[in-house]
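Subject: Structure handover

Hello,

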Amino acid sequence: MTTAFAIGQPTDRVDGRHKVTGDAHYSADIHLDAMAYAVLVGARVPSGRVTAIDTTEAMDARGVLAVLTHENLPRIATQPPLIPSLAGMPAPGQTFFPLQNEVVHYTGQPVAVVVADTLERAQHAAALVRVTYEETPSVTTLEQGRDRAYEPEAIFAGFVPGRNERGDVEAGLAQADVRIDATYTYAANNHNPIEPSATTATWDGDQLTLYDATQGVAATQLTVAALLGLTPSKVRVVSHFVGGSFGCKAMIWAHPALAALASRHTGRPVRLSLTREQMFTSVGHREEQEQHITLGATREGRLTALRHHKLSPTSHFDDWAEPSLGVAGQIYACPNYEGVYRLFRANTMTPTFMRAPGEASGMFALECAMDELAHQLGIDPVELRLRNYTDTDPNTGNPWSSCGLRECYQRGAERFGWQRRNPEPGSHRDGDWLIGYGMATAGYPVYGPNNPQRARARLYADGSAVIQAATPDFGTGVATAMTQVAADALGLPVERCRFEGGDTTLPTIAAAVGSAGAGMISAAVHTAATNLRDELVAQAVGDAESPLHGADPGTVVVRDGRMTLRDLPETGESYQDLLHRHFLPDVEAAGAWSPSPRSAREYGMMTFGAQFAEVAVDPWLGLARVRRMVGAFAPGRVLNAKTARSQLMGGMLWGLGQALLEANYMDPRRGRWVASSLGDYLVAVNADAPEVDVELIEVEDKVVNPLGVKGVGEVGQVGAAAAVANAVHHATGRRVRKAPITIEDLL
């Protein structure tokens with residue numbers, strides 16, 4: 001056994017120096033001999049077909065190697081079904097692959113790929129491709145598609161039913177003393193990581209190597225292999241550094257396979273990098289949506305019924321909606337519930353994961369409605385939530401594997417100073433500013449893979465260790481946290497351990513999506529490192545020359561690389577002594593972990609939290625400024641306090657942006673996004689960032705995985721926007737049922 005000293009500590013990021021010195025190479029930094037550059041040409045109409053493509057001028061341009069269109073691009077072998085990449089299977093972003101025929105489904109859909117010997121020449125030639133269209137009527141907005149809505153059998157790649165019910169909602173509403181009936185609308189959101197998506201492809205015979213910006217190298221490998229008709233062993237994917245994702249690099253879009261096809265066609269390595277504008281039309285988005293909520297409650301604030309319906313656009317080829325009704329239907333004790341998704345076909349690409357996919361929007365609606373209920377009943381918003389607190393999952397009746405939500409309410413309220421809140425809207429002022437306090441509940445499911453997650457641990461004779469797993473680090477700090485996990489399992493100092501990932505030649509790990517990365521990767525790493533430690537201890541106690549010879553392995557502890565008897569710490573030897581004596585340069589062990597199906601059947605699994613916000617509103621100018629945010633979260637065991645707080649803070653600030661800034665709209669005439677750059681699409685910047693206080697409440701969880709880790713990537717955003725919106729109401733008395741809340745809404 002070892003004694004944990006590294007796990008939980010605020011260890012500095014192991015990749016920090018590489019990033020600040022420019023030593024970190026991202027997918028678009030990879031330079032290969034004789035490399036060519038590919039540029040996509042996107043459709044300029046939202047619906048119709050290509051009637052002609054004139055590539056003559058482009059092909060005559062200097063340095064151009066190829067112009068690929070639906071007329072000469074090889075047909076893909078198969079389009080794999082839409083499956084979330086956590087499943088460890090092919091994970092295409094949509095069940096449509098471009099450049100296979102002349103049909104245009106959405107603006108920006110690739111209609112040509114231009115390849116040249118320099119990026120600038122490829123960009124110039126792309127502008128010379130002449131495309132003629134026959135345009136047909138399009139549907140791009142909620143108002144255009146409302147009358148065409150249907151109820152799908154399932155959404156979210158088929159994993160979430162289109163309808164979920166328990167009890168009798170009509171009977172519950174009839175029993176209610178009060179009702180809240182409200183409709184909430186949301187503008188579409190787009191991912192904007194610092195690094196646009198990029199792939200560099202190269203062939204060596206029939207062996208393909210892709211340097212891809214992805215959350216899961218195995219997902220890219222399996223998807224591209226299926227598209228090109230290759231066995232996965234013929235595709236290697238490398239992704240050492242990824243400059244942010246937030247969901248757009250979780251699923252695999254067309255550009256990795258297009259880069260591979262362009263490379264095979266030209267016989268040269270090819271880099272295909274999306275432009276910032278193409279990031280708005282090529283990697284999914286959070287869909288525009290409308291949610292209608294009806295709450296029924298007693299005068300004491302006990303919920304008797306919850307009806308939650310959602311309407312949103314999807315593509316012509318997939319029934320996709322983010323699962324906004326999931327956590328919102330589980331977070332409170334409510335015996336009667338009805339959640340229904342409705343979709344309509346639109347001229348858009350398939351929407352996709354975006355940070356806190358579904359929970360960010362669904363909990364905005366629910367938590368704003370709960371605030372309305374609290375105001376109508378004259379009950380403190382925190383107290384209302386406590387009255388509806390549940391120790392079990394309302395859908396199944398199973399107990400939570402761990403919770404901590406009561407503690408989150410208590411500690412969050414204390415740190416925020418909630419007791420100073422006067423419940424009367426407009427009662428707090430600071431000069432000309434109206435001051436409001438708001439709060440909301442946070443919750444996010446604990447997901448797990450359905451296939452084994454693997455890692456490998458190797459100890460060298462100099463006493464250092466390397467831990468390997470295929471997962472890339474896309475900004476979350478996974479390499480740092482896994483170094484800490486390995487250090488504790490092996491009984492080594494952190495500085496003696498190193499993590500290697502981001503390569504399909506390493507042990508397979510599913511894509512780190514849905515806040516599942518920390519839990520599943522740490523489980524595999526912990527298992528591998530523990531297996532290695534146990535192997536070394538067994539070798540020592542079986543070695544006649546070891547001071548530990550004949551000892552019970554259960555009585556041996558390891559610390560600072562030294563194996564000793566628990567009750568006789570002076571008796572023992574180091575790993576180095578053991579390896580040197582046996583002339584071993586290194587020794588290694590593998591480890592695999594799969595979640596228990598029984599746990600999923602017997603427990604509800606969720607990460608909980610509570611959000612608080614102070615907002616100042618200028619009633620004359622309509623300006624809203626968030627002054628303070630406090631979040632208290634119970635994410636199970638925390639692997640690294642510094643990176644966990646960073647993730648949670650980032651989510652909370654994203655929630656601020658969701659509430660007040662982030663929005664995109666379709667021009668219904670041309671089917672184009674109004675915003676297509678960071679100059680037009682507003683995100684929170686340093687000037688918008690208030691004081692953010694994050695409280696970590698550790699709860700023991702013996703169910704989710706060996707270390708009891710739940711993950712923090714998403715839950716920090718959930719509820720943050722609702723807390724801000726509720727604070728705006730408290731400041732002004734004006735209830736705004738849309739996101740984002742704009743100046744026009746407050747004047």
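Predicted model: local features only at pLDDT ≥ 70, side-chain atom pairs only at ≥ 80, totals over all residues.

Residues are numbered from 1 along each chain as its sequence is written, and side-chain values use heavy atoms, with hydrogens and water left out.

Some terms first. Helices (H or I, at least four residues) and strands (E, at least two) are DSSP runs, numbered from the N terminus. Buried means under 20% relative accessible area, exposed means over 50%, and partly exposed is in between (1.4 Å probe, protein chains only).

Strand E16 covers residues 303-314, and eleven of its twelve residues are buried. Two strands pair if DSSP finds at least two bridges between them. E16 pairs with strand E15 (residues 289-297) in the antiparallel sense, over eight bridges. One of the facing pairs is Gly-296 with Ala-305, the latter in E16. Five residues lie between the strands in this hairpin, and Gly-301 takes a positive phi near 90° there. E16 also pairs with strand E17 (residues 337-345), this time in the parallel sense and over nine bridges. Thr-314 stands opposite Arg-345 of E17.

E16 and E17 are also linked through side chains. A salt bridge is a side-chain nitrogen of Lys or Arg within 4 Å of a carboxyl oxygen of Asp or Glu. Glu-338 and Arg-307 form one, at 3.1 Å from N to O. Glu-338 sits in E17 and Arg-307 in E16, 31 residues apart, and the pair links distant parts of the chain. Are these two residues buried or exposed? Both Glu-338 and Arg-307 are buried. They belong to a network of salt bridges that also includes Glu-151, Arg-163, Glu-165 and Glu-170.

Other salt bridges

How many salt bridges does a search of the whole structure find? The search finds 39. Among them is the one between Glu-143 and Arg-146, whose closest N and O atoms are 2.6 Å apart. Glu-143 is exposed, because its relative accessible area is 60%. Arg-146 counts as partly exposed, because its value is 26%.

Lys-234 and Asp-206 also meet in a salt bridge, at 3.2 Å from N to O. Lys-234 is partly exposed at 30% relative accessibility, and Asp-206 is partly exposed at 45%.

Helix H13

Helix H13 (residues 517-541) has 25 residues and reaches 36 Å from its first C-alpha to its last. That is close to the expected 36 Å, the expected span being 1.5 Å times one less than the number of residues. Since 18 of its 25 residues are buried, H13 is largely enclosed by the rest of the structure.

Cysteines

A disulfide is a covalent bond between the sulfur atoms of two cysteines. Here the term is applied to a pair of cysteine sulfur atoms within 2.5 Å. The whole structure has zero disulfides. For Cys-408, the nearest cysteine sulfur is that of Cys-403, 7.8 Å away. Cys-408 is buried at 0% relative accessibility, and Cys-497 is buried at 9%.

Most residues other than glycine have a negative phi, and most peptide bonds are trans. Ala-157 has a positive phi near 60°. Ala-157 lies in the loop between strand E7 (154-155) and strand E8 (160-161) and is buried, at 17% relative accessibility. Ala-356 has a positive phi of about 55°. Ala-356 lies in the loop between E17 and helix H9 (359-377) and is buried, at 0%. The peptide bond from Ala-739 to Pro-740 is cis, with omega near 0°. Pro-740 is in the loop between strand E32 (738-739) and helix H18 (743-746).

Met-666

Met-666 is in strand E29 (residues 666-667) and counts as buried, at 14% relative accessibility. Contact means heavy atoms within 4.5 Å. Leaving aside neighbours within four places in sequence, Met-666 is in contact with Thr-140, Thr-141, Asn-347, Gly-671, Arg-672 and Trp-673.

Regards
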